Amino acid sequence: MMVFKKNNGISALPTVLIISMVVVEVSVVSVVLANAFNNTRFGERLAREAYSVARAGAEDAILRVLRYKDCPSTPNCPASYSLAVGSKNAAVTIANTNGVVTIRSTGSVLLRSKGVEAVLGVNTDTGEVSLQSFGEVAL
């Protein structure tokens, strides 16, 4: 016959509680790390999309300068405009200073924005356009 003592198994409850707390902590840390990893990857994707939108805006402005050598003073080539690229938008500005056309395009996707700047040399006599620089700029 088995005789039970009054304090038999008293350490089982604290042991189970401690093991449960460790399992919960490991689960919470795993969820937080997975969320941080996903946010980082999502942020990188948004930044790439914003750069692509800004680049598309700058390339559109370059085509307008090629078509209209007096850009941005002609009606078909405004000094600033918005270009829809899919469901995103690029804000484009064109400035002409003594034959040097500076194009700035800003692409925005959700909370990310990227900027692209293109500098063109335009000969108003011959209409020749030369690309002097093209690249990402800080906003």
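Is Asn 98 buried or exposed? Asn 98 is exposed, with a relative accessible area of 78%; exposed means over 50%, buried under 20% and partly exposed in between, with a 1.4 Å probe and protein chains only. The model is predicted: local features need pLDDT of at least 70, side-chain atom pairs count only at pLDDT 80 or more, and totals for chains, interfaces and linings use all residues. Residues are numbered from 1 along each chain as its sequence is written, and side-chain values use heavy atoms, with hydrogens and water left out.

**Overall architecture**

The protein chain contains 1 helix and 5 strands, in the order α-β-β-β-β-β from the N terminus. The radius of gyration is 30 Å, well over the 14 Å that the globule rule gives for 139 residues, so the protein chain is more spread out than a compact globule. That radius is taken over C-alpha atoms, and the globule rule is 2.2 Å times the number of residues to the power 0.38. Helices (H or I, at least four residues) and strands (E, at least two) are DSSP runs, numbered from the N terminus. The C-alpha trace of the protein chain spans about 115 × 25 × 20 Å along its principal axes.

Of the 139 residues in the protein chain, 24% are buried. Among contacts with a separation of 6 or more, 40% are between residues 24 or more positions apart; a contact means heavy atoms within 4.5 Å. The accessible surface of the protein chain is about 9,600 Å², and carbon and sulfur atoms hold 59% of that surface. Accessible areas come from the Shrake-Rupley method with a 1.4 Å probe.

The structure holds 1 disulfide, a term for a pair of cysteine sulfur atoms within 2.5 Å. This disulfide joins Cys 71 to Cys 77, with an S to S distance of 1.5 Å. Both Cys 71 and Cys 77 are buried. Cys 71 lies in the loop between α1 (12–67) and β1 (80–85), and counts as buried because its relative accessibility is 0%. Leaving out residues up to four places away in sequence, Cys 71 touches Arg 64, Val 65, Cys 77, Ile 94, Asn 96 and Val 101.

A cis peptide bond, with omega about 10°, joins Cys 71 and Pro 72. Pro 78 counts as partly exposed, at 26% relative accessibility. With residues up to four places away in sequence again set aside, Pro 78 touches Arg 64, Pro 72 and Ile 94.

| Pair | Separation in sequence | C-alpha to C-alpha distance |
|---|---|---|
| Cys 71 and Ser 27 | 44 residues | 60 Å |
| Pro 78 and Glu 25 | 53 residues | 58 Å |

**Positive phi values**

Most residues other than glycine have a negative phi, and most peptide bonds are trans. Asn 98 is not a glycine, yet has a positive phi of about 50°. Asn 98 is placed in the loop between β2 (88–97) and β3 (100–109). Leu 110, a residue other than glycine, has a positive phi near 50°. Leu 110 sits in the loop between β3 and β4 (112–122) and is exposed, with a relative accessible area of 67%.
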